[in-house]
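These are my notebook entries on one structure, kept in the order in which I looked things up. I write out each cut-off once, where its term comes in.

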Amino acid sequence: MKNLNQNNDGDAHSAFVHAYRGLLFFLKKQSVFLYLALFLAAFILAGFVFYTLKTSRGNEQAARLLGVAQTSKQFEDLARQYPRSPAAPAALLALASSCFSSGDYAAADSRYVEFIEKYPRHPMLTAAEMGKVMCAEGRGEMEKALVGFNAFLLAHPAHFLAPQAFFGKARCLQATGKLNEARVIYEDFIAAHPENKWRPNAEAALQALDRQIQERQSQSAGQ
């Protein structure tokens, strides 16, 4: 009996490792900002997977497949073949991320919507919500993305993804020519978060924005 328990624990641990690696792959496939911000969330979801994987051999197989999956088709097949497994949500997010990384924002958006509808209480729901807004930005729908980033900030003002919503909002304003408004967002973020790990990113973005403002002013003066 002791050996049997040890074997079960070993299988569960192996499944946990595969699932965790799969989650990290999803995070790495997404944008750098989202990858870093969601790193902590991986621990939460991985812990959830660890405990639930013990209940089903099918779940363990799904977790192993998630750990080795690399292509969109592999993620899609996993989500379809094991729709009730804890690995399915991560596979669906990885599929959305893969589509996003390849520039297929319409397909990515569809997958994020599917995730939101299927898993409204999932720990990674906010990642899907953010991904959906980023798809709008990727398609060049800046006004729609701006509304989405604002909505995210209103709903999750203290969320660890909130800085990405701030930066996304600034990017949308910058893309639509509202440079001074974008500048205020970066300045406010820097002032309000002196010790935040994202401050260097905000400072770098602000410097680039200042150069753009200066170039615009120079062009206006030369006309």
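**Entry on rings**

Are Phe167 and Phe189 buried or exposed? I looked them up, and both Phe167 and Phe189 are buried, where buried means under 20% relative accessible area, exposed over 50% and partly exposed in between, with a 1.4 Å probe and protein chains only.

Before going on I noted that this is a predicted model, in which local features need pLDDT of at least 70 and side-chain atom pairs count only at pLDDT 80 or more, while totals for chains, interfaces and linings use all residues. I also noted that residues are numbered from 1 along each chain as its sequence is written, and that side-chain values use heavy atoms, with hydrogens and water left out.

A search of the whole structure gave me 5 aromatic pairs; rings of Phe, Tyr and Trp (its six-membered ring) pair if their centres lie within 6.5 Å, and planes under 30 degrees apart count as stacked, over 60 as edge-to-face and the rest as tilted. One of the pairs is Phe115 with Tyr119, which is tilted, at 5.1 Å centre to centre and 55 degrees between the planes. I found Phe115 buried at a relative accessible area of 0%, and Tyr119 is buried at 17%. The ring centres of Phe167 and Phe189 are 5.1 Å apart and their planes stand at 65 degrees, so this pair is edge-to-face. That pair links distant parts of the chain, since Phe167 is in helix α9 and Phe189 in helix α10, 22 residues apart; helices (H or I, at least four residues) are DSSP runs, numbered from the N terminus. I also saw that ring pairs link Phe166, Phe167, Tyr186 and Phe189 into a cluster.

**Entry on salt bridges**

How many salt bridges does the structure hold? I counted 9 salt bridges, each being a side-chain nitrogen of Lys or Arg within 4 Å of a carboxyl oxygen of Asp or Glu.

Lys118 forms one of them with Glu114, with the closest N and O atoms 2.9 Å apart. Both residues lie in helix α6 (residues 105-118), 4 residues apart, or about one turn of the helix. Lys118 is partly exposed at 44%, whereas Glu114 is buried at 15%.

Arg171 and Glu137 meet through their side chains at 2.7 Å, N to O. This pair links distant parts of the chain, with Arg171 in helix α9 and Glu137 in helix α7 (residues 125-138), 34 residues apart.

For Arg183 and Asp210 I noted a salt bridge of 2.5 Å, N to O. Arg183 lies in helix α10 (residues 179-192) and Asp210 in helix α11 (residues 199-222), so the pair ties together parts that are 27 residues apart in sequence.

**Entry on cysteines**

I then searched for disulfides (a pair of cysteine sulfur atoms within 2.5 Å), and the structure holds 0 of them. Cys135 is in no disulfide, and the nearest cysteine sulfur, that of Cys99, is 8.7 Å away. Cys135 is buried at 0% relative accessibility.

**Entry on Ala162**

Where is Ala162 placed? I found Ala162 in helix α9 (residues 162-175), and Ala162 is buried at 3%. Leaving aside neighbours within four places in sequence, Ala162 is in contact (heavy atoms within 4.5 Å) with Phe152, Leu153, His156 and Pro157. From Ala162 to Met130 I noted 32 residues in sequence and 9.5 Å in space, C-alpha to C-alpha.

Methods: Helices (H or I, at least four residues) and strands (E, at least two) are DSSP runs, numbered from the N terminus.
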